[in-house]
Amino acid sequence: MFGNRRRTSLYIGIVLGLFILSSAFAAGGQKALTFEDIMKFKEIRRPALSVDGSIVVYAVEPDRGDGGVFVHHRKTGAIYSVDRGSAPRISNNARWVVMTVRPAALETAKAEKDKPRQGMAILDTKSGEVVSIPEVQEYALSKDGEWLAYLLYKPKDQPESKKPEADKEKTQSESESPADEKKEEKKREVGAELILRRLENGEEKNIAHVLKFQFAEKSSLLAYTTGTSDGAGNAFYLYGPGMNEQNPRPLYQQDDAIFGEMGWAEAADFLAFTVAEEKGEYKESFFSVWLWTGEGAEAQKAVATDRFPGGWMLPAKNSDLRWSKDGTGLFLGLKPTEMAEKKSEKKKDIDLFDPEQILAERGLDIWHGDDPFINSHQKILWPRVKDQTYTAVFYPASDNLVPLADEGMPDVIVNNNPDVALGLSDVPYRKEITWDGDYSDVYVVDLKTGKRTKIVERLGERPQLSPEGKYILYYQDRNWHLYSVQKGETTNLTSGMDVPFYDEDHDYPSAVPGYGTGGWIEGDTAALIYDKFDVWKFSLPEGKALCLTGGEGRRAEKIFRVLQTDPDRQYYKAGENLLLTMYHDREKHFGFYAANTASAGVRRLLEDKKKFQFLAKAKKADVLLYTREDFREFPDLWAAAGDFAEAKKISDVNPQIADFAWGTPELVEWNSLDGIPLQGVLIKPAGYEPGKRYPVIVYYYRFFSQRLYEFNQMVVNHRPNFPYYTSNGYAVFLPDIRFDVGHPGFSSTKCLVPGVQKLIDLGIADPKAVGLHGHSWSGYQTAFMVTQTNLFACCIAGAPVSNMTSAYGGIRWASGLSRQFQYEKSQSRIGGSLWEYPERYIENSPVFFADRIQTPMLIMFGDEDGAVPWYQGIELYMALRRLGKDCIFLQYRGEPHHPQKYANKLDYSIRMKEYFDVYLKGQPAPDWIKKGVPYRGK
């Protein structure tokens with residue numbers, strides 16, 4: 001099994017060695033990475049910039065252990081931190097940073113049942129003072145940044161109550177007669193203690209029994225609902241500084257009252273909330289809508305339950321209250337009454353021979369050929385379907401309720417224009433999702449009347465409604481089309497252009513997609529649309545095209561895209577400067593450029609042999625937050641002016657990088673067996689010596705050359721950690737793969753094998769020590785490739801499809817979808833059904849050619865994989881075992897497509913390294929490789 005592999009004379013216990021070797025030093029006196037080192041590397045989470053740009057805040061989290069929050073004051077240079085802080089938020093006045101505080105990781109690990117709860121911290125950015133508060137469920141900041149409301153957990157000795165909407169009726173026991181029937185015990189949702197804190201002076205007000213709370217959009221008014229254990233005095237309250245009347249003020253109060261959702265208007269201080277009314281024959285209540293329209297006004301019932309159309313109700317959940325931008329309309333979600341669960345019937349006395357009673361206990365699912373969704377998909381969708389609501393709009397001024405969506409057209413997309421919305425209906429095409437894809441008919445919906453007009457059928461991509469509602473922009477049949485709402489006419493904007501606006505690199509059997517859009521110009525006067533490289537402005541309605549980037553993208557192979565620096569804006573002004581991202585398609589580096597909506601041409605702001613990512617712009621200051629990275633440079637935070645002048649590094653999260661041997665990436669180019677130019681990233685090992693050959697691990701999927709300047713995520717998971725391997729004497733190769741429809745397996749082989757040969761020809765790769773690693777789609781490619789070549793000393797295939805003929809009819813259990821679409825239209829790229837192309841399914845299935853495999857193979861699957869049926873691994877393992885091949889199958893119990901339990905992630909990472917060390921470095925094999933691990937009842 002290992003007779004032709006090299007050996008080392010010294011054997012150290014490999015698992016132990018993977019950790020002990022942290023004291024080993026590579027060339028230059030730097031340490032080789034261990035898994036323990038990887039666990040301690042941190043990542044940045046939730047970076048944010050204050051409104052005025054003066055404060056930068058972010059959380060850091062190690063792969064394992066405790067993290068924290070850091071607060072940087074850009075003006076004073078002060079840096080503050082909070083241990084175990086998480087999910088920080090900056091107040092709008094930039095004075096306060098509020099965050100949750102997680103329990104210590106060790107404390108959580110030690111607790112078997114009674115897990116510790118999270119708390120909260122308040123940091124004063126002026127002084128750095130921190131106030132810590134334990135046992136906080138959730139919190140909210142007022143819009144002016146002066147108030148904080150936080151909800152405490154209930155005491156652990158107080159039993160959690162059940163929500164009334166989830167109640168089950170108490171049924172009589174078999175021995176009870178109707179006369180002995182007891183009344184149903186009423187279960188109530190009981191609130192917890194809410195604390196309202198004035199941040200400036202720390203004064204607090206305690207409010208008991210709070211269930212939900214929400215600050216107003218325009219002021220510090222706070223709305224909240226209460227629920228008591230006996231239901232007495234349940235109320236919807238309003239509280240706020242400066243209120244002239246009773247404070248807090250009950251807007252609605254009634255014993256046993258149940259409240260649903262609430263929503264403040266953005267345009268003014270008024271709000272809507274829902275109140276439960278009758279239940280009737282249903283378990284859940286029907287809700288009415290109440291409105292409060294400002295100080296001095298009384299809350300009024302605006303929409304009673306009998307105002308909703310017949311067969312429809314306003315539910316407790318997903319009523320989705322939200323006001324229009326101008327505050328004239330209230331959008332809400334209605335639910336078909338037939339979807340409300342009815343009260344259960346009283347139990348009958350047991351009759352052993354009553355067919356109805358017997359059949360009530362059956363367990364049966366019926367899969368019908370005409371079901372819109374297959375049964376497994378229906379089950380996954382059910383939690384959403386049973387509570388799905390359909391959009392309507394209520395206009396208080398005219399007291400008019402307008403249904404917009406229904407079961408025939410379930411989706412309505414609303415922007416800030418007051419006239420029309422987009423309607424989408426996938427109903428006619430739901431069955432086709434099994435083997436094809438998602439399609440919808442598109443409608444223009446009149447917001448005042450609900451009238452809908454169909455404008456396009458069977459659209460496979462999302463349409464866009466212009467900010468003022470004048471146009472709908474959509475992509476179909478390789479072109480961009482513009483529909484005029486006023487004229488009812490459609491114009492093809494891109495037909496006849498001398499550049500394609502469809503994906504030039506598309507290698508799937510599905511319809512070719514476009515590159516997307518960059519936004520709108522004020523007044524709906526123009527739309528921005530992308531080709532592969534450039535940004536184009538199409539003036540509306542005539543459709544005159546102007547390349548805003550001046551064609552520089554296509555000439556220089558630079559891909560430009562517009563950055564939306566303010567996510568709340570729906571358009572750009574005429575003559576406004578635009579911030580663009582740039583990616584060099586050939587050289588793989590990144591940058592930022594500027595353009596203008598009125599003229600052609602670009603101006604370079606920042607460009608380097610790095611990767612940059614924009615994060616945020618201050619709302620009221622010319623300050624940008626972004627990251628900079630390369631293979632050795634962690635993506636720390638940087639802040640700069642809008643033109644990237646005076647850029648300054650903010651964070652230094654992983655300074656220990658300097659202590660470790662890391663490796664050096666470079667771009668490699670070659671041609672596939674049929675002459676297609678290809679690129680890939682070669683990461684040379686730390687301390688690389690020219691002329692010396694190294695073991696190489698090949699890791700791939702589709703396109704990976706764009707990772708030339710990416711910092712590798714430092715975590716323990718199912719992927720080989722590149723710096724870990726290059727730190728420990730390996731080279732890593734990340735090649736691009738281009739596919740031919742109908743021949744995905746050989747496509748991969750003809751691209752990858754010449755790339756490896758290039759490394760051998762360059763004198764870098766040891767031709768006897770090249771290993772192949774892939775997971776999921778590249779796990780399949782790995783299993784297939786070794787049926788075609790003996791180039792590799794070993795291979796690791798994670799979650800591979802091995803038999804396309806059986807996988808075609810399988811289920812992706814995480815989504816419940818059939819796998820048919822994947823072969824006919826998507827990633828697996830067969831291009832048709834099993835009956836149309838049976839030979840393609842066989843030719844691309846590794847299991848049919850397992851007798852050709854000479855490469856030792858390690859297969860890995862989680863036995864609850866929701867993407868690839870894990871029996872695909874069993875089929876491959878059984879074929880290899882039957883043929884007497886060198887194979888091992890790792891089955892991780894209870895794991896999905898990617899192992900999630902940390903112990904399993906670490907175990908797989910260790911075994912991966914051991915496997916490569918044995919076959920690529922000739923190290924002694926541990927017992928699990930030499931003779932396996934017999935089952936012992938665990």
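Predicted model: local features only at pLDDT ≥ 70, side-chain atom pairs only at ≥ 80, totals over all residues.
Hi everyone, let's start at one residue: Pro-396 sits in the loop between strands β23 (390–395) and β24 (400–403). Residues are numbered from 1 along each chain as its sequence is written, and side-chain values use heavy atoms, with hydrogens and water left out.

Back to Pro-396. Setting aside residues up to four places away in sequence, Pro-396 touches Leu-291, Trp-323 and Thr-328, where contact means heavy atoms within 4.5 Å. Gly-329 is 67 residues from Pro-396 along the chain, yet their C-alpha atoms are separated by 7.0 Å.

Now the whole chain. The secondary structure comes to 15 helices and 54 strands. Of the 938 residues, 54% count as buried. Along the principal axes, the C-alpha atoms fill a box of roughly 85 × 80 × 60 Å. Among contacts between residues at least 6 apart in sequence, 56% join residues at least 24 apart.

Two helices next. Which residues of α5 (residues 375–385) are buried? They are Asn-375, Ser-376, His-377 and Leu-381, and their cover includes β51 (811–812) and β52 (817–818). Helix α9 (residues 777–785) is mostly covered, with nine of its nine residues buried. Among them are Trp-777, Tyr-780 and Phe-784.

Have a look at His-718 too, in the loop between β47 (694–699) and α7 (722–727). His-718 is buried, with a relative accessible area of 5%. Leaving aside neighbours within four places in sequence, the contacts of His-718 include His-773, His-775 and His-898, along with Pro-899, Tyr-908 and Met-912.

On to the cysteines. How many disulfides does the structure hold? It holds zero, counting a disulfide as a pair of cysteine sulfur atoms within 2.5 Å. Cys-887 is in no disulfide, and the nearest cysteine sulfur, that of Cys-795, is 10 Å away. Cys-887 counts as buried at 16% relative accessibility, and Cys-547 is buried at 11%.

Last, some backbone details. Most residues other than glycine have a negative phi, and most peptide bonds are trans. Arg-84 has a positive phi, near 65°, in the loop between β4 (79–83) and β5 (85–90). Asp-256 also has a positive phi, of about 65°, and lies in the loop between β15 (249–253) and β16 (259–264). Arg-84 is partly exposed at 30%, and Asp-256 is partly exposed at 29%. The peptide bond from Leu-540 to Pro-541 is cis, with omega near 10°, and Pro-541 is in the loop between β35 (535–539) and β36 (545–547).

Notes
Helix = DSSP H or I, 4+ residues; strand = E, 2+ residues; numbered from the N terminus. Buried < 20%, exposed > 50% of the residue type's maximum accessible area, 1.4 Å probe, protein only.
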